[in-house]
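This report covers a residue in a loop and a set of charged side-chain pairs. Please keep the sequence and the model open while reading.

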Amino acid sequence: MSDFLSLFSAGYSEARQKFIAVCEVAGVSVKSFANPCAGPGGEELATDVVWFGNPKALRVVVMISGTHGLEGLSGSACQSGWIDSGAYRDLPENVAVLMIHAINPYGVAWLQRETEDGVDLNRNYIDHAADYPEKPLYAQLHEALLCPQREGPLYEQAQARLASFHEEHGQIGYIQAFLGGQYDYPKGMSYGGKAPVWSNRTLTAILQQYCRAAKHLAVLDYHTGLGPYGHATMIVHDVEEGELAGRIRDWYGPSVWAVGSADRAAKVYIAETGKGCQNALPGALVTPVTVEYGTYDMATEIDAIQRDLWLRNHGDPNSPIGRAIKAELVEYFYPDDAHWREIVLCRSGQVMQQAIGGLAGNAD
């Protein structure tokens, strides 16, 4: 695929076909984990997995796409692009690469961030046997966020409530409430679920099958939205700004944002993919990074997500307004811009190189 734009796809089925095609050219076998639901056209949905390198390697780079559903379209292109580049031929003897394509295939196929259960997968990797964290800020917003109307007095009251909350708590507080995850309102925003969902269980099964002997994993979980346009922000969740953050800075350089205890935004991100990988392989050293490719501003993201929430709860996706809302959401998380896509693909190759190099040189 000499034309880099050909690596990007309009939807899940096309992305999956391209991923499987480059794997076939590379001569590696793909194992598929079938999702119980179907896609919009009745097509099979699955998470596809492939291994590159020494089957006995104890150090593994795990590249994951699709945690937040439709964001997986760009992650898929990056996975196919890395394979298509032939970079797998140059892996160090002690490092392998595990590709996990579309861990949330339902979200990718239906162009939403959530799983088939309506769950934010990146808030689902939590101990569901323990008490769930209280989210009092979100409770103050829930009714306004689920306003059934898009115009009129009730809608205006809801918008006024959101604006008042924003003014009172500031941008950080607003983001904490809006995106931080909550476990009490199944139809609400960033719902983390009451049990491990299919994608959570599947990730655990994949890691335990392929990486059970691994000593050190470098996890790259691909996302889009946050940060400068096209730039890859490397997010590490290291509460004490300690050894993990230091290791990641050594590997990836100044693009790292360590979300630590001194940063009030730390309350935003809970139970993310890195935690899920650590839970699956407690005997391994896991170095997880959320690779976030920036698109537009945060206010635009919140508006797009809020409108999509209304569509899922009250709207008709096949209506003109439904199609417009979905198109807006897709454009935010997957810009139809050749320049953005070129930057993302180029930077992804660098990130993979940094992960492999860091893992190869790190003493376990």
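Which residue does the side chain of Arg 312 meet in a salt bridge? The partner is Glu 114, at 3.2 Å from N to O.

## Basis of the model

The model is predicted: local features need pLDDT of at least 70, side-chain atom pairs count only at pLDDT 80 or more, and totals for chains, interfaces and linings use all residues. Residues are numbered from 1 along each chain as its sequence is written, and side-chain values use heavy atoms, with hydrogens and water left out.

A salt bridge here is a side-chain nitrogen of Lys or Arg within 4 Å of a carboxyl oxygen of Asp or Glu. In the salt bridge between Arg 312 and Glu 114, Arg 312 belongs to helix α9 (residues 298–314) and Glu 114 to the loop between α3 and α4, so the pair ties together parts that are 198 residues apart in sequence. Helices (H or I, at least four residues) and strands (E, at least two) are DSSP runs, numbered from the N terminus. Arg 312 is partly exposed at 32% relative accessibility, and Glu 114 is buried at 7%. Buried means under 20% relative accessible area, exposed over 50%, and partly exposed in between (1.4 Å probe, protein chains only).

Lys 326 and Asp 308 also form a salt bridge, at 2.8 Å from N to O. This pair links helix α10 (residues 320–333), which holds Lys 326, to helix α9, which holds Asp 308, across 18 residues. Lys 326 is buried at 15% relative accessibility, and Asp 308 is buried at 3%. Salt bridges with shared partners join Glu 114, Asp 308, Arg 312 and Lys 326 into one network.

## Arg 113 and Glu 71

The whole structure has nine salt bridges. One of them pairs Arg 113 with Glu 71, with the closest N and O atoms 3.4 Å apart. Arg 113 sits in the loop between α3 (105–109) and α4 (136–145) and Glu 71 in the loop between β3 and α2, so the pair ties together parts 42 residues apart in sequence. Arg 113 is buried, with a relative accessible area of 9%; Glu 71 is buried too, at 2%.

## Thr 67

Thr 67 lies in the loop between β3 (59–64) and α2 (72–84) and is buried, with a relative accessible area of 0%. Leaving aside neighbours within four places in sequence, its contacts (heavy atoms within 4.5 Å) include Arg 113, Asn 104, His 223 and Asp 221.
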